[in-house]
Amino acid sequence: MVQNGRPVRVNAGQCIGCRACASVCPAGLITLSDTDHQRIVWFAATCAEDCERCAMACPTGAISLGEPAPGVSAEGTRLEFRLQPCRACGCPVATVEMLARLRSVIPTAIQLDRENNAWLDLCPSCRQQMEARRIAQEGLVSRRPR
Ligand code: SF4
Ligand code: SF4
């Protein structure tokens, strides 16, 4: 297939499948689909829009727009990622690569909750439930007659 516009370049080794680029693309040129265990991100081969949003949103610098190249022949880029299941309920949390990056950039002390449990591999719903249970327990303890 021959397309016009700037080539959309994706460094597969740097992409962590975070979907930030897909969520800001106004033209729907970056799409993704999630199943229980896998995320597929598809990047169009070229972009004819006057825009740099994907490159600006990417936390790893994995995506860039090349110089306009009329008649580029390309099929786009398809990347696959494994989704890490929540350790409590098994629902997908994020890609393995996203979690690895978060672990590398978030200070270790912040990766633990007040009871020293890691929370990064919990889904938002389980984190919320765990926090709610703890608050309820703390409330009960503080209301006990002394
Ligand atoms: S430059 Fe803009 S329109 Fe083009 S792929 Fe990136 S976000 Fe989408
Ligand atoms: S924002 Fe960057 S790291 Fe995230 S999916 Fe897009 S290209 Fe990959």
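Guide: Burial first: a residue is buried if 20 or more other C-beta atoms lie within 10 Å of its own, exposed if 12 or fewer, and partly exposed in between, with the C-beta atoms placed from the backbone. You're looking at a predicted model, where local features need pLDDT of at least 70, side-chain atom pairs count only at pLDDT 80 or more, and totals for chains, interfaces and linings use all residues. Residues are numbered from 1 along each chain as its sequence is written, while chains are lettered from A and ligands numbered from 1 in the order in which they are written.

Visitor: Zooming out, what radius of gyration does the protein have?

Guide: The C-alpha atoms fill a box of roughly 80 × 25 × 25 Å along the principal axes. A compact globule of 146 residues would come out near 15 Å (the radius is taken over C-alpha atoms, and the globule rule is 2.2 Å times the number of residues to the power 0.38). For this protein, the value is 20 Å.

Visitor: What share of the residues is buried?

Guide: The protein has four helices and nine strands. Among its contacts with a separation of 6 or more, 69% link residues 24 or more positions apart. Of the 146 residues, the buried share is 18%.

Visitor: What is the strand order in the open sheet of three?

Guide: Strands count as paired if DSSP finds at least two bridges between them. Strand 2 (residues 6-10) is joined to strand 5 by two bridges, with Pro7 opposite Thr46, and to strand 6 by three, with Val8 opposite Leu65. Strand 5 (46-47) and strand 6 (63-65) are the edges, each pairing on one side only. Everything is antiparallel, and the order is 5-2-6.

Visitor: Which residue takes a positive phi in the hairpin of strand 8 and strand 9?

Guide: Strand 8 (residues 77-85) pairs with strand 9 in the antiparallel sense over three bridges, and Gln84 has Ala94 as its bridge partner. Six residues lie between the strands, and the one with a phi near 90° is Gly90.

Visitor: Which residues have the most contacts inside the largest nonpolar core?

Guide: A nonpolar core here is a set of buried Ala, Val, Leu, Ile, Met, Phe, Trp, Tyr and Cys residues joined through C-beta atoms within 7 Å. The largest has 21 residues, and strand 2, strand 4 (38-43) and strand 9 (92-95) each give it two or more. The residues with the most contacts inside the core are Val8, Ile30 and Ile63.

Visitor: Which residues come nearest to ligand 2?

Guide: Near means a C-beta atom, placed from the backbone, within 6 Å. The ligand 2 shell splits into eleven nonpolar, two polar and one charged (Ala, Val, Leu, Ile, Met, Phe, Trp, Tyr, Cys and Pro are nonpolar, Asp, Glu, Lys and Arg charged, and the others, Gly among them, polar). Of these 14 residues, the nearest are Cys15, Cys18, Ala20, Cys21 and Cys58.

Visitor: And which are closest to ligand 1?

Guide: The shell of ligand 1 has eleven nonpolar, no polar and three charged residues. Of the 14 around it, the closest are Cys25, Cys47, Glu49, Cys51 and Cys54.

Notes. Contact = placed C-beta atoms within 7 Å.
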